[in-house]
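Please read this report with the sequence and the model side by side, and look up each residue as it is named.

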Amino acid sequence: MAQYSRLEVVKVMQETGVVPLFFESDVTIAKRVLKSCYNGGARLLEFTSRGDFAFEVFNELIKYSIDELPGMILGVGSVTDAAAASLYMQMGANFIVTPVFREDIAIACNRRKVLWSPGCGSLTEIANAEELGCEIVKLFPGSIYGPEFVKAIKGPQPWTSIMPTGGVSPTKESLEKWFNSGVTCVGMGSKLIMKNDSGNYDFEGIESTTKQVMKWIKDLRK
């Protein structure tokens with residue numbers, strides 16, 4: 001069962017401005033990535049359900065975060081059907097992110113009052129998602145649409161909250177373009193959850209970059 005209500009999750013997304021996301025099959029390594037993001041100041045993380053037995057890894061991560069990382073809000077991304085969403089919510093997922101807009105997932109999440117963020121790519125999809133109670137829309141893939149698309153959406157629908165994922169870099173210039181266009185927060189994967197030349201996670205780099213990204217976002221909002 002989720003520890004945080006959908007409105008509590010929305011508030012933290014709005015306040016922090018960034019949602020790190022990654023998948024890792026090794027539980028020990030996944031915990032270290034999570035801890036690095038936490039030490040960097042992130043208070044949300046999306047664990048993407050992209051590999052075999054991903055639910056088992058998430059089950060260990062959510063218990064670890066409850067025991068060791070107070071205030072950390074864990075959710076699950078790349079969820080493609082209501083059955084998977086229900087499984088992850090039973091494990092304690094605090095939010096569900098999907099690559100596409102699916103009504104069955106909306107119903108499953110709304111039934112438990114858990115935040116769901118569907119991947120949308122048109123004004124019609126966004127409007128349909130909001131009619132089903134969506135608080136923050138995922139713009140995916142963000143690299144295809146860009147900040148100008150966000151500006152266009154915010155014109156007729158200034159109430160719409162948008163989180164682009166893909167196409168966001170941990171640089172001041174990239175963040176400035178996105179936040180000046182009106183996004184609520186951004187999702188960042190491999191560009192934030194970085195690896196070194198040996199293919200191993202750069203835990204210190206993840207922590208320091210997360211900290212810097214959050215500072216830039218805070219400064220942009222002044």
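The largest pocket holds about 320 Å³ of space. A pocket here is found on a 1 Å grid over the protein atoms alone, as an open set of points with protein on both sides within 12 Å along at least five of seven lines, where lining residues have an atom within 4 Å of a point. Its volume is the space filled by probe spheres set on the points, which are joined across faces, edges and corners. The model is a predicted one, in which local features need pLDDT of at least 70 and side-chain atom pairs count only at pLDDT 80 or more, while totals for chains, interfaces and linings use all residues. Residues are numbered from 1 along each chain as its sequence is written, and side-chain values use heavy atoms, with hydrogens and water left out.

The lining of the largest pocket consists of 20 residues, and those nearest its centre are Leu 21, Arg 50, Met 188, Gly 189 and Ser 190. Two or more lining residues come from each of strand E1 (18-22), E2 and strand E8 (186-188); helices (H or I, at least four residues) and strands (E, at least two) are DSSP runs, numbered from the N terminus. Sorted by class, the lining has eight nonpolar, seven polar and five charged residues, where Ala, Val, Leu, Ile, Met, Phe, Trp, Tyr, Cys and Pro count as nonpolar, Asp, Glu, Lys and Arg as charged, and the others, Gly among them, as polar.

**Cores**

Which residues touch the most other members of the largest nonpolar core? They are Phe 58, Tyr 88, Ile 96 and Val 186, in a core of 59 residues. Helix H3 (residues 54-68) gives the largest share of this core, six residues. A nonpolar core is a set of buried Ala, Val, Leu, Ile, Met, Phe, Trp, Tyr and Cys residues joined through side-chain atoms within 4.5 Å. A second, separate core has 13 residues, including Val 19, Leu 44, Phe 95 and Leu 115. In soluble globular proteins, nonpolar side chains tend to be buried together.

Leaving out residues up to four places away in sequence, Tyr 88 touches Ser 49, Ala 54, Phe 55, Phe 58, Val 76, Val 79, Ala 93 and Ile 96, where contact means heavy atoms within 4.5 Å.

**Backbone details**

Most residues other than glycine have a negative phi, and most peptide bonds are trans. In this model, however, the bond between Phe 140 and Pro 141 is cis, with omega about -10°, and Pro 141 lies in the loop between strand E6 (137-139) and helix H7 (142-154). Phe 53, although not a glycine, has a positive phi of about 60°, and Phe 53 belongs to the loop between E2 and H3. Ser 78 has a positive phi too, near 60°, and lies in the loop between strand E3 (73-77) and helix H4 (82-90).

**Exposure of selected residues**

Buried means under 20% relative accessible area, exposed over 50%, and partly exposed in between, with a 1.4 Å probe and protein chains only.

| Residue | Relative accessible area | Class |
|---|---|---|
| Thr 48 | 1% | buried |
| Ser 161 | 14% | buried |
| Ser 78 | 16% | buried |
| Glu 60 | 31% | partly exposed |
| Lys 191 | 43% | partly exposed |
| Phe 53 | 53% | exposed |

**Single residues and their contacts**

Thr 48 has its place in strand E2 (residues 44-48), and its side chain reaches the backbone nitrogen of Phe 23 at 3.4 Å. Not counting residues up to four places away in sequence, Thr 48 touches Leu 21, Phe 22, Phe 23, Gly 77 and Ser 78.

Ser 161 is found in the loop between H7 and strand E7 (162-164). The side chains of Ser 161 and Thr 184 make a polar contact of 3.4 Å; such a contact is a pair of N or O atoms within 3.5 Å, and within protein one must be able to donate a hydrogen and the other to accept it, while residues adjacent in sequence count only if both atoms are side-chain atoms.

Lys 191 lies in the loop between E8 and helix H9 (203-220), and a polar contact of 3.3 Å joins its side chain to that of Ser 169. The C-alpha atoms of Lys 191 and Lys 154 are separated by 26 Å, and these residues are 37 residues apart along the chain.

Glu 60 lies in helix H3 and, leaving aside neighbours within four places in sequence, is in contact with Val 27 and Lys 31.

Note on methods. 1 Å grid on protein atoms, 1.4 Å probe; cavity = no way out; pocket = protein on both sides within 12 Å on 5 of 7 lines; lining within 4 Å.
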